[in-house]
Amino acid sequence: FTQELGSIIELLADDKELTFAAHVEDPMPALVEVDGTRLRQILWNLLFNAVKFTQKGVVSLEVKAKAIDAETSMVTFKVCDTGVGIPPQELDKVFAMYYQVNLPEHQSATGTGIGLAICQQMVSLMNGTISVSSVVGEGTCFTVDLPLEISKKPIQVETLKVTGLQILLVEDIE
Ligand code: ATP
Ligand code: MG
């Protein structure tokens, strides 16, 4: 899955001096269940933004997990870039529907300003949180925290497996 994302990112960043780095905490505590369609959409939106607003450097994805109790693990997905950044007074606005930062370095990018609004809706449907931190001219990080159920079922719809991580991507959740 991270390989899949990595190759898409490299394709998108074709004409840029960009590399993609994925880092997954090792060892991951447990197999967790997540709606794969939603997770993909969230990470895809964040990674696509990172590539769009970065000319040079690194776009990275970091995954970590922390046990909350026997049933639940808090999984953190952090997408960072070394791009144009977002001014402090704009940080809380970027999640609003149709909002786009009105600065010359943001203007060249295409889009309609809905990606982050959708991310925020999906994350809140999953009882998670999304936040952003940024330094203008240095880069931006978006952090998604999702409380995910630790899997007990041995079903394997799709396995995300990188350096010890196993996330069960459940495509159909009843
Ligand atoms: P769409 O996602 O609909 O294609 P968009 O990417 O412009 O359009 P959002 O993903 O909602 O819309 O992002 C809103 C705005 O937040 C962007 O237009 C941009 O100004 C700012 N932004 C988002 N991600 C980044 C980032 N990684 N670096 C700098 N600015 C960003
Ligand atoms: Mg977007």
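Biologist: How much of the protein is buried, and what makes a residue count as buried?

Modeller: Buried residues make up 31% of the 174 residues. A residue is buried if 20 or more other C-beta atoms lie within 10 Å of its own, exposed if 12 or fewer, and partly exposed in between, with C-beta atoms placed from the backbone. Bear in mind that this is a predicted model: local features need pLDDT of at least 70, side-chain atom pairs count only at pLDDT 80 or more, and totals for chains, interfaces and linings use all residues. As for labels, residues are numbered from 1 along each chain as its sequence is written, while chains are lettered from A and ligands numbered from 1 in the order in which they are written.

Biologist: Where is M74 found, and what does M74 touch?

Modeller: M74 is found in strand β4 (residues 72–81); strands are DSSP runs of E, at least two residues, and helices are runs of H or I, at least four, both numbered from the N terminus. Leaving out residues up to four places away in sequence, M74 touches A65, K66, I68, D145 and P147. Touching here means C-beta atoms, placed from the backbone, within 7 Å.

Biologist: How do you know that β4 pairs with β3 and with β6?

Modeller: Two strands pair if DSSP finds at least two bridges between them. Nine bridges join β3 (residues 56–67) to β4 and ten join β4 to β6 (residues 139–150), so both meet the rule. β3 and β4 run antiparallel, as do β4 and β6. For instance, V63 has F77 of β4 as its bridge partner, and V79 has F142 of β6.

Biologist: What makes the crossing of α2 and α4 left-handed?

Modeller: A crossing is left-handed if the near helix is turned anticlockwise from the far one by less than a right angle, and right-handed if clockwise; α2 passes α4 the left-handed way. On the α2 side, the contact is made by R38, Q41, I42, N45, L46 and N49.

Biologist: Which residues come nearest to ligand 1?

Modeller: F53, V101, G111, G115 and L116 come nearest, of 22 residues around ligand 1. A residue is near if its C-beta atom, placed from the backbone, lies within 6 Å of the molecule. Both α2 and α4 supply at least two residues of that shell.

Methods. Contact = placed C-beta atoms within 7 Å.
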